[in-house]
Amino acid sequence: MNDLSTSPMSRTGHAGKTQPMRLARGNGINGDTTIRFTFDGRVLEAHPGDTLASALLANGVRLVGRSFKYHRPRGILSAGPEEPNALVELRDGARREPNSRATVTEVFDGLAATSQNRWPGLKHDLLGANSLLAPVFSAGFYYKTFMWPASFWEKVYEPIIRRAAGLGRAADDADPDSYEKATAFCDVLVVGSGPAGLAAARAAAGTGARVILCEQDSLTGGRLRAEQTVLDGRPGWEWAQETEQYLRAQPEVRIMTRTCVFGRYDGGCYGALERVADHVAVPQAGQPRQRLWRIVAGQCILATGGIERPIVFPDNDRPGIMLAGAVRAYVNRFGVVPGHQAVIYANNDDGLRTAVDLHDAGASIAAIIDSRLPSSTAAQVTARRVGAPLFAGGAIVKTSGHTGLKAVQVRDSAGQTHRLACDLLAVSGGWNPDIALATHHRMHPVYDEVLNAFVVSSVPAGLHIAGFAAGSLTTDAALAQGDALGRTAAQAAGFDAAIGPAPALPRAGQEEGYAIAPLWHALDRGAAKQAGRAFIDFQNDVTAKDVSLAAREGFWAVEHLKRYTTLGMATDQGKTANVNALAMMAWERGRTIAQTGTTIVRPPVQPCAIGALAGTHRGRHFKPHRLPPTHDWAVETGCVLTSNGIWQRAQWYPRPGETSWQETVNREVRSVRSSVGFCDVTTLGKIDIQGIDAATLLERVYVNAWRKLPVGRARYGLMLREDGFAFDDGTTARLGENHYVMTTTTANAGAVMRHLEFCHQCLWPELDVQFISVTDAWAQIAVAGPRSRDVLREIIDDSFDLSNEAFGYMGAAHVRLRGGVAGRLFRLSFSGELAYEIAVPARYGDALARLLMRVGAPYGITPYGTEALGVMRIEKGHPAGPELNGQTTAHDLGMGRMLSGRKDFIGRVMAQRAALSDAARPTLVGLKPVNAGDALVAGAHLLPRGAPASAASDQGWISSSAWSPTVESWIGLGFLCHGAQRHGEIIAVHNPLAGTVTEARVVPPVFVDPEGSRLHA
Amino acid sequence: MPDILSPCSPISTEPCRVGGLTLALAPPDETVSIGGFRNSLPALHEAALQALGASLPQTPGTATRAQDLSILWAGPNQWLASAPSGSGLMEKLQAAFGAHAALTDQTDSRVTLTLSGPYAHVIAAKLVPIDLHPRCFGLSSVALTLAGHIPVIVVQRDLEPSYNFIVFRSLVRSLHHDILAAMQGGIPKSEQN
Amino acid sequence: MRIHCPYCGTRGVEEFTYLGDATVRRPDPDAPEAAWVDYVYLRDNPAGPHPEYWYHAAGCHGWLVVVRDTRTHEIFSVRTASGGAEA
């Protein structure tokens, strides 16, 4: 074995003692300012413009984390969002954020970063012993190892997996930061601001099109920042900077940096995440941490560049082994040399340029290993220039260095091995065009044998691909393609491409070569026999051996391979792994990569926090709230609120001294039944219906007759669905010759409106009728109880006769309140008592509640909430939501006779099906426990007495139940087979949740005032 | 006899200011919805012109104005007319074309929040998913849409631009919260030139 | 997905409510039960362009007939169900 290690590194630049690997220059770094951050508690220095990765490298930190399964020491692989290894926890306390990629984390003064997945410490990690258990963790280990016994799952396996296999720790407290959403529109969206993207944006903008340019990085320029590309004799990044300034000056151009376009959706919609304040310690007051954009774009140009591939060889995961392009980015953009003594290992000319950049930065190049045989001219020139030996046709067969690379072992084309001391290995297996966004609509990429990568097979409408993402290999080609597609896209969006003299395109002149020859791995046939572990997916610790095993066990289809081995999962989604895995599978199976195929990706292309998707809609503001007009007054009284859909309603109104809600509700019910109470019922849907065909419409949507309803009267109505089942119910009043106001249940207000619109627009457009919601226009308050008329006499103008004779049950009238406010009065009752609903314009609702309290005081008036409302309607046997559950028919509800035989209405024909009125169907009954104190629970099953508690003997269910202070017993409504014929029978009530069986008597469903004398009082 | 009920605003009338932006409750206009009966549409349009001096806008997403009266397109053959409180709008419309359209008092149904100040269009873009660019949405443009989860009618009031958000009364506090949150969220950097 | 409402212009799908097949016709009230069963329950599920009812719930309250490719979500045409405007 030859040891070819060369002299120690010649010191570079003016590296200070705290940033020993820092160079003087770096086109994206402000070296004049020094900021401080901590890594695992150690205080380190950095410069503005640094990522956490570049800052760690500048400080000579190579070991950054431990791997997922085997806890292998890992460093920094890449310089971008594809990073699989360098995942850290950022910040602390409630802002602690796990699994953050150090390569896209901008360092700010005071940033605290912590390594993860190690215990007790990064350098000495006891779980590293997992490596010894490698056979347990092989492909499919979740499926094989933790299969049985089943009783071990929750108690043994899950805790073990969770402790050992987790990555970072989520914060324990609620996220203190806020997030928001916004929508943006443009004619042309350009994704990526490298040479192709900038040229495209410039060309499109020149036509007058509205352009949005999104760049996920903090700086524009793309690879122009990472390379030493020269455009028109000047550094390429200077041209990028100038172009950005030019674009910013254009009125219809918008540049969004730190904004990742993560998904492409139907109709030209794109999702983008703007990291507004990830690069500062705390967002400015009120401002969001991140902002989720929906971008609606006429046309889109993907200029997303490419992602470099590693090469698979034994122990290819040590800290210090990096992608070649990333090494150039650290040198050129960040002014950091990631190692003193470097080896370059590549299968293409692009990777070899790393040797030049490193050499120019002062590092020494130990060797260039070019897998191609013969090697290219460029390789020979490069090797001469940097003074390094060139191994044409060489391969790396081994690496060493426990927590960081110390040496590699090279096998030359003659089969001889050489040990090379080095602390940096720059690897390039070629580049994959980044076409993730193009695959979101199920476009399956095809394998390009020349490029040795998957490329777009067909470009979906409205999408254009430019630059390396489209296979353009040189800067000049990328610029030209971007420029041309910028015009094409603008033209497709309706702009004249001939307009707009954009400045001339710069020229790079001397074209860089690529000259790739495929090399996916440096393994011998039978990867399992290889010493050391050859990683394919660093993040999921998937090795060549795992892919080989998956192939042998039959999981060779790409989708199976992914799931069986966990390849391509987690934060990086296999950006650096997938193609190598496919190549490995192809090799194992003796097929081509094209035959093996590839998976496509779903959004998001980069991790996107759930908080950003929720935006401002979180906590109390998760959904909007609708507040009835008496809300403030009700809250002042100390009521307990409940959600009724998005409405916030008073549930009950506790009084001092009351010790339980039951006590409060009982009092509210007794007050109504003995004297008077009131309840805000504004939430019921109210629809104003007018027109000469209004009655016809009602006839067709309700089961019962409407034509003969006199003006000034209301009627109960039941609506069916077209399949014959009950849909909604409510009362509708006739206010004028062709004027009705319909009420719906609170829950179905929107659905009924939609239904009416459907009937009118789709079924009977010839009907001359108009309807509009007036739910919010009126504050409607139910005043119920034997003294309700006395209370209303204090409120309604004397000129209106409230007597039973003049304004009987189901009356409806325009009224004036004392003082002149115009309102409406309905004599409706949900409670079964003498009752009214009084409606006033919503602005008076608050005052009306206060007035009722005042004028009702002599009668002991009490406000009541939804709970008492519910108790009273059960006492009266009125069906509500639990009875109108979408599975019950008019017959089931005891309303079969309401179905008019003299007209067509929605649901008529299907409701006539014999099965829907079969006597054996469960029908509405009342239930009263044999022991008054035995609680009835909604959802309990009804069985014949003594029958086994099995599905076979199930005869129905309880839909609603309550303690009735009026009956002084639990009562319930339910549905029971042959219910109407079984009044008096005692049946069993089975509650499988509590495991109880009690007995109840079947009774008619009206518990209070079955004759209705109170209603008509 | 004095009115025994006094009106109550559904939300504080005090404007909220964030930077140069203002969110304010607009004075409660009288508002009437107009639903044209299909068999008398020509007569309705004619009567509107004659009696009000304003046309019922036939182009979706537009509004017309005559003195104090403004009429918004609110759906096919549907409009929302409003005039300052006390102008007896319902009576005027009844007299003008009561036989040709369903007239429904919506004065208490909806509340108008006004967003004004520099970059109001940027704040509005956080709320409504419609294109507010001058090429698409201008003076007197009207859109029936969603602000987050809340149905709203958005109207551009002037060239500044400032906007009216017309919302169901029961939802005004949620909308107010959402607009205020959007104002506090600041102006995206990409909007600042 | 975005739908071009003939009245309101192109809007995001969140403003709309989906109902389904717009090719079915409510039978005559006297039609045999089989025709009603067909109308209420039986639906084709074609892979390709399909006319569907969509309701512009958060906009003009218009019921629309949208011809949508069920495989790609591409929308070919939109008209109002009542037979008015077309887009």
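**Entry 1: chain A against chain B**

I began with the area buried between chain A and chain B, which comes to about 4700 Å², with carbon and sulfur atoms giving 50% of it. I then asked which residues of chain A stand out. Gln770(A), Asp776(A) and Arg843(A) supply 14% of the area that chain A buries against chain B, more than any other three residues. I note that this is a predicted model.

Next I looked up the contacts. On the chain A side I found 66 residues, in contact with 54 residues of chain B.

I turned to charge pairs. Between chain A and chain B the count is 7 salt bridges. I checked Arg135(B) and found that it forms a salt bridge with Glu252(A). The closest N and O atoms of that pair are 3.8 Å apart. For polar contacts, the interface of chain A and chain B gives 27 residue pairs, with both residues at pLDDT 80 or more.

Which elements of chain A supply at least two residues each to the side that touches chain B? I listed the strands: S9 (179–191), S13 (253–256), S16 (290–302), S35 (685–690), S39 (770–773) and S43 (835–841). Helices H16 (631–636) and H21 (845–856) of chain A are on the list too. The largest share comes from S9(A), with 6 residues. I sorted this side of chain A by class and got 30 nonpolar, 16 polar and 20 charged residues.

**Entry 2: the two domains of chain B**

I moved inside chain B. Chain B is divided into domain 1 (16–27 + 109–184) and domain 2 (30–105). I took their centres over C-alpha atoms and found 23 Å between them. The contact takes 8 residues from domain 1 of chain B and 7 residues from domain 2 of chain B.

Domain 1 and domain 2 of chain B bury about 550 Å² between them, and carbon and sulfur atoms give 74% of that. Where in domain 1 of chain B is the most area lost to domain 2? I found Ser140(B), Val142(B) and Leu144(B), together 64% of what that side buries.

How many salt bridges link the two domains of chain B? I counted 0. The polar contacts across this interface come to 2 residue pairs, both residues at pLDDT 80 or more. On the domain 1 side, strand S9 (142–147) and strand S10 (150–156) of chain B are the elements that give two or more residues. By class, I noted 5 nonpolar, 2 polar and 1 charged residues on that side.

**Entry 3: chain C**

I then read off the fold of chain C. Its secondary structure comes to 1 helix and 6 strands. From the N terminus on, I traced the order β-β-β-α-β-β-β. The C-alpha atoms of chain C fill a box of roughly 40 × 25 × 20 Å along the principal axes. Of the 87 residues of chain C, 48% count as buried. Among contacts in chain C with a separation of 6 or more, residues 24 or more positions apart account for 43%.

**Entry 4: chain C against chain B**

Last, I checked where chain C meets chain B. I found 8 residues of chain C in contact with 10 residues of chain B. The buried area is about 810 Å², with 62% from carbon and sulfur atoms. Tyr7(C), Arg11(C) and Ala58(C) supply 50% of the area that chain C buries against chain B, more than any other three residues.

I counted 0 salt bridges between chain C and chain B. I did find 3 residue pairs in polar contact across this interface, both residues at pLDDT 80 or more. The side of chain C that touches chain B has 4 nonpolar, 1 polar and 3 charged residues.

How values were computed:
Residues numbered from 1 in each chain as written. Chains lettered and ligands numbered in written order. Predicted model: local features only at pLDDT ≥ 70, side-chain atom pairs only at ≥ 80, totals over all residues. Heavy atoms only, no water. Contact = heavy atoms within 4.5 Å. Buried area = accessible area lost by both parts, 1.4 Å probe. Salt bridge = Lys/Arg side-chain N within 4 Å of Asp/Glu carboxyl O. Polar contact = N/O pair within 3.5 Å; in protein donor to acceptor, adjacent residues only side chain to side chain. Helix = DSSP H or I, 4+ residues; strand = E, 2+ residues; numbered from the N terminus. Nonpolar A, V, L, I, M, F, W, Y, C, P; charged D, E, K, R; others polar. Domains from an automatic or database assignment. Buried < 20%, exposed > 50% of the residue type's maximum accessible area, 1.4 Å probe, protein only.
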